[in-house]
Amino acid sequence: MPPDLRKIYDGFAETYEANRGLFDMSGLLEPFFHRLPPRPGRLLDLGCGAGEPFPRFFLDRGWDVTGVDFSPRMLELAARYAPRMHTLCADLADVDFPPAAFDAVTCIYALFHVPRARHPPLFQRLFRWLRPGGKVLFTYATRDYTGADEFEGTKEFMGQRLFYSHTTPENLRTQLDAAGLVPDAFDRRAIGGETFLWVTASRPASPGLNPRR
Ligand SMILES: C[S@@+](CC[C@H](N)C(=O)[O-])C[C@H]1O[C@@H](n2cnc3c(N)ncnc32)[C@H](O)[C@@H]1O
């Protein structure tokens, strides 16, 4: 990963206000939320940025939310927009949490910035951090965004060259399966002119359903 991605996001924090709330994410947020248990639980948001829209949506519904981001300036914004979120300034591929600590994990527009070789071990940790029956939702880059079936390199975004990395959706399914996460939906969506895969997966409620563990 180029070392300056964190600095680039520190810089984007300066202009965050201009784009704040530009896109309506409720079509993704609400279906995911309604698949979760009907009581406030614990959410982990990886690459939480300014704490919007996902962390704030969950906080407003009584959930306990932990956000991880490596940009101190984005976390300053999060302190303003999602002040009740617990935050950790760290690389999302390096953090660790106790087993079964969360009911849900989200990683919105951030996993594609992490080298794809680091995704399988992260999926294994996600499985461990989720309570049985817990769910994860993340944005995944595909050919729609990078123009290649597999990609690792930089791409222009808002006047900067940002690092992106992904493999094919088929390989992604294999990686989730190897981690014990069961895909619920691979939803290809265009939001704000950018098409990504929105992936929901579950840790099975019964350990008996997963012979690997
Ligand atoms: C496009 S923004 C998305 C922010 C937020 N999730 C949202 O939906 O608005 C990507 C965020 O991920 C963070 N990020 C990217 N790579 C990261 C990494 N390896 N570890 C922690 N944070 C990372 C950036 O600092 C930035 O805040």
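Guide: M158 lies in the loop between strand 6 (151–157) and strand 7 (160–166); helices (H or I, at least four residues) and strands (E, at least two) are DSSP runs, numbered from the N terminus. The model is predicted: local features need pLDDT of at least 70, side-chain atom pairs count only at pLDDT 80 or more, and totals for chains, interfaces and linings use all residues. Residues are numbered from 1 along each chain as its sequence is written.

M158 is not a glycine, yet its phi is positive, at about 50 degrees. Most residues other than glycine have a negative phi, and most peptide bonds are trans. M158 has 10 C-beta neighbours inside 10 Å and therefore counts as exposed. In these terms a residue is buried if 20 or more other C-beta atoms, placed from the backbone, lie within 10 Å of its own, exposed if 12 or fewer, and partly exposed in between.

A100, also not a glycine, has a positive phi near 55 degrees. A100 belongs to the loop between strand 3 and strand 4 (102–107). Because 14 other C-beta atoms lie within 10 Å, A100 is partly exposed.

P53 sits in the loop between strand 1 and helix 3.

Within strand 2, T66 stands opposite L44. Together with helix 3 (residues 54–60), strands 1 and 2 make a right-handed β-α-β unit; right-handed means that, with the strands pointing away from the viewer, the path from the first strand over the helix to the second runs clockwise.

On to strand 3 (residues 86–89), strand 2 pairs in the parallel sense over four bridges, and T87 of strand 3 is the bridge partner of G67. Strand 2, helix 4 (residues 72–81) and strand 3 likewise make a right-handed β-α-β unit. Five of the six residues of strand 2 are buried, so this strand is largely enclosed by the rest of the structure.

Strand 2 (64–69) and helix 1 (5–19) each supply at least two residues of the shell around the ligand.

Terms used
Pairing = 2+ DSSP bridges.
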